[in-house]
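Welcome, and do keep the viewer open while you read. This short report starts with one local detail and then steps back to the whole chain.

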Amino acid sequence: MRMRFVILTGISGAGKSTALKMMEDMGYYCVDNLPIPLVEHIYEMADSAGSELQKVAVGIDARNGTDLGEMKAVLQKMQEQGRDCEILFLDSDDPVLVKRYKETRRSHPLAHGERIGKGITRERQRLQYLKDHADYIIDTSHLLTRELKIELENIFVNRQHYSSLFVTVLSFGFKYGIPVDSDLVFDVRFLPNPYYVEGLRAKSGNDKEIQDYVLQFPEAHVFLDKLVDMVQFLIPNYIAEGKSQLVIGIGCTGGKHRSVTLANELYRRLSLSTSEDSNYGLKIEHRDIEKDALHK
């Protein structure tokens with residue numbers, strides 16, 4: 001069995017330490033914050049005759065300082081020598097990173113007393129080469145810890161096809177604000193509102209009665225047909241452009257009836273068109289489905 005050697009890198013705050021612990025649980029021999037000149041030596045040691053190390057993950061990040069400039073030469077040399085090396089890059093949106101730093105009250109390693117955003121900008125510049133040459137880029141902006149674990153297991157344990165784009169179908173209520181992370185937003189308030197139908201107000205788009213009511217209108221199916229067609233056209237183009245996260249917002253007034261129904265139906269139709277060879281993952285969220293009850 002050929003050794004698997006992974007360089008785990010990415011933006012500080014994107015979850016590299018968490019990912020490294022997960023890979024250790026998957027049976028990888030993990031070394032964090034390894035000096036760049038030692039990367040080759042770790043590979044040689046693991047690949048030598050008699051070595052029991054079949055899976056190795058090496059953490060490289062901004063703490064390596066100016067040594068990061070040496071990574072290009074190291075990777076090129078390893079490639080010339082036929083040494084297989086995979087690069088996993090963890091990324092996240094800047095606002096999410098800033099929020100995470102503020103919540104943990106940590107300072108960014110490259111901020112040097114300035115704003116966190118300044119440190120993030122410097123770090124992106126230093127890590128750009130590794131990101132450009134990464135085999136896998138995972139955007140953790142909207143990933144739960146368990147979802148990150150599933151992604152890592154798919155890549156490094158199950159050897160399944162890697163989803164380079166993660167699509168989130170997100171229902172919401174306009175009265176609670178448009179989700180700031182939405183890439184595409186669709187307003188379904190043109191459909192009749194079950195809220196005003198006796199016996200339906202307390203139910204949600206997850207209930208069959210609401211689904212039957214909303215989907216009885218031909219306009220709902222025309223909307224869905226056109227939306228699915230457009231999304232399926234956009235996905236391969238987004239993947240080609242290098243996008244790793246796509247959030248599709250479906251909104252109605254309160255985010256409980258029409259938006260939930262149509263988000264569920266969009267998710268169902270997209271799921272039917274995906275396969276093990278698809279270049280994207282898919283999940284659904286209902287942001288405001290319980291808020292009407294909470295605000296009464």
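## A residue in a loop

N33 sits in the loop between β2 (29-31) and α2; helices (H or I, at least four residues) and strands (E, at least two) are DSSP runs, numbered from the N terminus. Although N33 is not a glycine, its phi is positive, about 55°. N33 is partly exposed, with a relative accessible area of 31%; buried means under 20%, exposed over 50%, and partly exposed lies in between, using a 1.4 Å probe and protein chains only.

## About the model

This is a predicted model, in which local features need pLDDT of at least 70 and side-chain atom pairs count only at pLDDT 80 or more, while totals for chains, interfaces and linings use all residues. Residues are numbered from 1 along each chain as its sequence is written, and side-chain values use heavy atoms, leaving out hydrogens and water.

## Two neighbouring helices

How do helix α2 (residues 39-47) and helix α3 (residues 71-80) cross? Their axes, lines fitted to C-alpha atoms over the stretch in contact, come within 10 Å and cross at roughly 30°. The two helices are therefore roughly parallel to each other, a label for angles under 35 degrees. On the α2 side V39, E40 and Y43 meet V74, K77 and M78 of α3.

## The whole chain

The chain has 10 helices and nine strands, and its C-alpha atoms fill a box of roughly 75 × 45 × 30 Å along the principal axes. Of its 296 residues, 48% count as buried. Among contacts (heavy atoms within 4.5 Å) with a separation of 6 or more, 78% join residues 24 or more positions apart.

Note on methods. Axes fitted to C-alpha atoms, helices over the stretch in contact; angles between N-to-C directions. Parallel < 35°, antiparallel > 145°, perpendicular 65-115°, else oblique.
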